[in-house]
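We will go stop by stop, with something to pick at each one.

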Amino acid sequence: MLRQLYRQIVDHLWRKDQRRQQIIDLQAKGQAIISTGSFREGIPVFRSLIQLDPHNAAYINDLAVCLSEIGQLGEARALFDIAWKLDERRTLTLINRAKTFIDDHDSKHALPLLRQAKLVAPELAHTDGVYANLLHSRGLPNQLVQFQKRDWLGHFDHLRIANTYLFYSTYTNTDENWVAKEHSFWAETLPPVQESAGISKPRDGDELPLIAGEAVTRRIRIGYWSPDIRNHSVRYFLRPLLAGHNKAKVEVFVYHDHHGTDEQTHAIAGLADHFDNLFDLSDAEVVQRIRRDQLDILFELSGHTSANRLPLMQYRMAKLHVTALGYPPTTGLKTIDYKLMDRHTVGPNPEKYYTETPLILPTSFWCFDPYEEAPIADLPPCASNGFITFGYFGNVIKISDEICQCWKLLLNAIPSSKLIVRSISFLDDASVEAFSSRLRDLGLELDRLECQKPLGGRDYFAAYNEIDIILDTFPFNGGTTTAFALYMGVPVVTMYGQSLTSRMSLSMLTTLGESEWASVDHEAYTRVAIKLANDQDLLRKFKQEARGRFKQTALGNGEIYAYDLEVACLGALRATKRPTTDIGALPPNELMRRAVATGKYDNPAGSQRIAQYAVGVYPNLASARLLLITASLNEQTAGDVIEELMALAEQSDEQDRCAIYLNCVRIALLYGYAAKAQHALQEARQSLDPKDTYAVAFHALLAAAYINQHSVGQTATVRSTEPDTLTIPGNPIRVALLHIVDGSSLSDSDLKLIRRPHLGGGIDFAVHLTTAESRYEQLDLLRQGLSADIVVVIHGNITVSDEHYLARTLEALAGVDMVSFAGSKSWQRLDWQNGAPDSIRGSWLSPSAERQGWWEANLLGNLASPCRFVDDVAVLAGEFVAFRTCATRSVNLRGSWVGAPGLLEQGLSFDAARSGARLRVAHDIGIVFNPAGKTDDRYALEARLAAAEDLGIDPFSALEQQSSLCQAPAPSLSEAQLALERYSYSNHDSTV
């Protein structure tokens, strides 16, 4: 019996170990798959993990992410909801829960969750992307682009996030060439094409078709590939094209790439010679499947929308690649040969707006036919209403302030008129409020505005019978919505620009013979709308003729349109040469900002690709070359890297030279090239502007170099007053050390340094131990009682360089009331270290991230003039703070802030300063600070939420996390401390 029981126990433990190892292996595999963006391959992995551990919120969340990325939104949302219920405090489930609310048009409930996520993890880029979705629903294009860009740079190789940023960039009222540059940048910085799973790289010469210059006598083989071959706007344009093809001359292949099908999918499949659903195929299998059909032309119909697989167009799958119908801007890919356009949309300088060559049709670049009953009213509504009804049907994100001003002028010019705006955004009540508030601020009369929710099916068509004139947007015109309006006999007033995005309505109006309704500026736009509103006969005439005009032109006649397309395709297949593009590149400073940001998000490969691209378009860009050179740095290459940098500095402009030399100094110090460090410092001095931010780095590195060249014994004389000889005259000063002990992982030697400081005479010293949770009572007791004159608070992520730290702190307290190692002139962000460089001040020590066993002397802020103390501060870092009890007794502690390490003390300094206390940052205390150190943060979220609310801080108010951190390396902690002292005392009489 015992033997059988023993065998059962062993068998159970073995199965448990086997299951644990299986989970570890699957977890590693799943994360690797997600990191490469292969979400289809990740689905079975995470399903297996959930079978092994059904209640793991992380696995459920990751499965939901994979499903969401490939368009299976229904199951994804259900899983996000389950993950949230299992672990509502986990940041990623918090964010995805907010995303679910936004998708369900409930941004009001999403916003508090996003604010929580931003407060818990300010640097998490995913939060910014979901917040951008919220801004999209509220119709705020400029802000949403900035937040979406941060999400993209934080996930630089993530296709969906990149797609979203590029699509959002088309909404802003910026130069259309800039939008093209954004798309080109994306394409040029994609990960290099790899030969894997049977996909071969593009071959030299594949940019031209294999039959170039030859006559085509057989049926040409045309493929159409999209995830939107279903009840989607693409179907309004694809069905008439397929129905109109001359099957004697064209063999049609349709590739559906979506998990779902509907009646529209089946209708389109019936118009094709060959129909395949590629959704369940891997990327490699998709390429192989399409190649098997030996297409002459492959049309991709999604661009950067939907659940596309656009990067696969880097592989040659047909003799010609064309992008059409689904996405107005350029794709940015040079491996797509043509972009389908017409003579009205192509504009005067297409080479500045497209990487593809325009494939120009003679009249319309698309054909519209809904294949549904859509009765047109006999008369415009003004005939019975007695007033003009203007309308806009579409997404509010397209409505710029400039267009709103035009609408204001229109309503003023036509006093009895009204405006109906119908948008999917208005399914969200908060979006209605935001839009109405925005128009009110712009001076529009809200009693003449109606915000209406979207309609579907026949009701959507019928809604156009309530509108006399549709008012289009700019720079992103209506596409499908303009086609609907004109099809329903409603005139459209539009503006046009330079690229397809802003010329779609122009094309349709010109094709229907109404080009005068398209204007080049806002003034003309307003004039045209006023003229139309005063001509009811014209409104009636167009309503009666519109449907007939559609059928007589390529815009509404599939046979005419298909013929034009087939002729253009044959011409493209015969072409031997195509014009080059001249889009240009983003400015060098913008490229380098992106390279640096991508590197900070732990994507060195992406950062280097951006730098390589920058060097390609700006060969003399020193900052990009600097990044690439230092990327190869290690102990073996350090000498070569220094030589390369010195050579680069000599070739660079004066404004770049100092930064390059300072990088040389840093590397030379880290890897023992003392002479080269001195030489580079001398060169840096020659190109240094004393007011420049590089001056901080220069002085820090100068101090480090000095210490590096001398023994510790010699450098110890750097101080004007030795802290170990500090003696306080008169009555003894009572100092209480309040040490927060739980959560810390300090060594015995660290604890000894903190709790047994070296002090001179006249000081009574006592140590008090407390937990993070209970420190409120202890801190309040010490400052309100009579047992201490000075209180020093040290949290668990703080240690010190030596036993003299407290003597230095007491020296720094002379003449002021509170001291810390860092602080800020203002409190505009909850995390002081992310404030504006001109506001923040600080210095501390930390282990080197570049060389094991080395240390860094850190300086934060624009401290171009070396100094020991900074007194013009309004708030101090709370992880280490010393204060006089008499200066804080009248200040109330904020008890709701106690859950976050250092926040309670930070609030105390802020409130004390507002009550008249004098605050100081000291640069030479000797604090060793680890922001990521182990502390008790179980209740940090509640505390940070309370602080943000009390201070009125919006965690999304600052778009950029700024940094002005300079670091100087030293081979030991004591030498790093001496470097800080050297920096501080090089001008020790000055206070800034």
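Start with the open sheet of 6 strands, ordered S10-S9-S8-S11-S12-S13 and paired in parallel; two strands count as paired if DSSP finds at least two bridges between them. Helix and strand numbers follow DSSP runs from the N terminus (H or I, at least four residues, for helices; E, at least two, for strands). At the edges you will find strand S10 (449-452) and strand S13 (518-519), each pairing on one side only.

Before you go further, note that this is a predicted model: local features need pLDDT of at least 70 and side-chain atom pairs count only at pLDDT 80 or more, while totals for chains, interfaces and linings use all residues. Residues are numbered from 1 along each chain as its sequence is written, and side-chain values use heavy atoms, with hydrogens and water left out.

Select 418-422, which is strand S9; 4 bridges join S9 to S10, and the two run parallel. Show Ile-420 and you will see Glu-450 of S10 opposite.

**Into the core**

Which residues have the most contacts inside the largest nonpolar core? Select Trp-186, Tyr-224, Trp-225, Phe-299, Phe-390, Trp-407 and Leu-471, in a core of 172 residues. A nonpolar core is a set of buried Ala, Val, Leu, Ile, Met, Phe, Trp, Tyr and Cys residues joined through side-chain atoms within 4.5 Å. Buried means under 20% relative accessible area, exposed over 50%, and partly exposed in between (1.4 Å probe, protein chains only). Helix H22 (residues 558-574) gives the most to this core, with 7 residues.

Zoom in on Leu-471: leaving aside residues up to four places away in sequence, its contacts include Phe-390, Tyr-392, Trp-407, Leu-419 and Tyr-525. A second, separate core has 77 residues, among them Ala-622, Leu-645, Leu-779 and Ala-979.

Next, select 73-86. Helix H4 has 14 residues and reaches 20 Å from its first C-alpha to its last, close to the 20 Å expected at 1.5 Å a residue; the expected span is 1.5 Å times one less than the number of residues. Show Ala-76, Leu-79, Phe-80, Ala-83 and Trp-84, which are buried. They cover an arc of only 145° around the axis, so they lie on the same side of H4; the arc is that of the directions from the helix axis to the C-beta atoms. On the other side of H4, Gly-74 and Lys-85 are exposed. To see what covers the buried residues of H4, include helix H3 (57-69), helix H5 (91-103) and helix H6 (107-120).

**Backbone stops**

Most residues other than glycine have a negative phi, and most peptide bonds are trans. Pick Pro-475, in the loop between S11 and helix H18 (480-487): the peptide bond from Phe-474 to Pro-475 is cis, with omega near 10°. Ser-306 sits in the loop between strand S4 (295-300) and strand S5 (318-323). Phi of Ser-306 is positive, near 55°, and Ser-306 is partly exposed at a relative accessible area of 32%. Asp-602, in the loop between helix H23 (588-600) and helix H24 (604-617), has a positive phi of about 60°. Is Asp-602 buried or exposed? Asp-602 is exposed, with a relative accessible area of 68%.

**The mixed sheet**

For the last stop, find the open sheet of 7 strands in the order S15-S14-S16-S24-S18-S25-S22, where the pairing is mixed. Strand S15 (763-770) and strand S22 (869-870) stand at the edges with a single partner strand each, so one side of each has no neighbour in the sheet. S22 runs antiparallel to strand S25 (residues 919-922), joined by 2 bridges; Val-870 has Val-921 in S25 as its bridge partner.

Definitions and conventions
Contact means heavy atoms within 4.5 Å.
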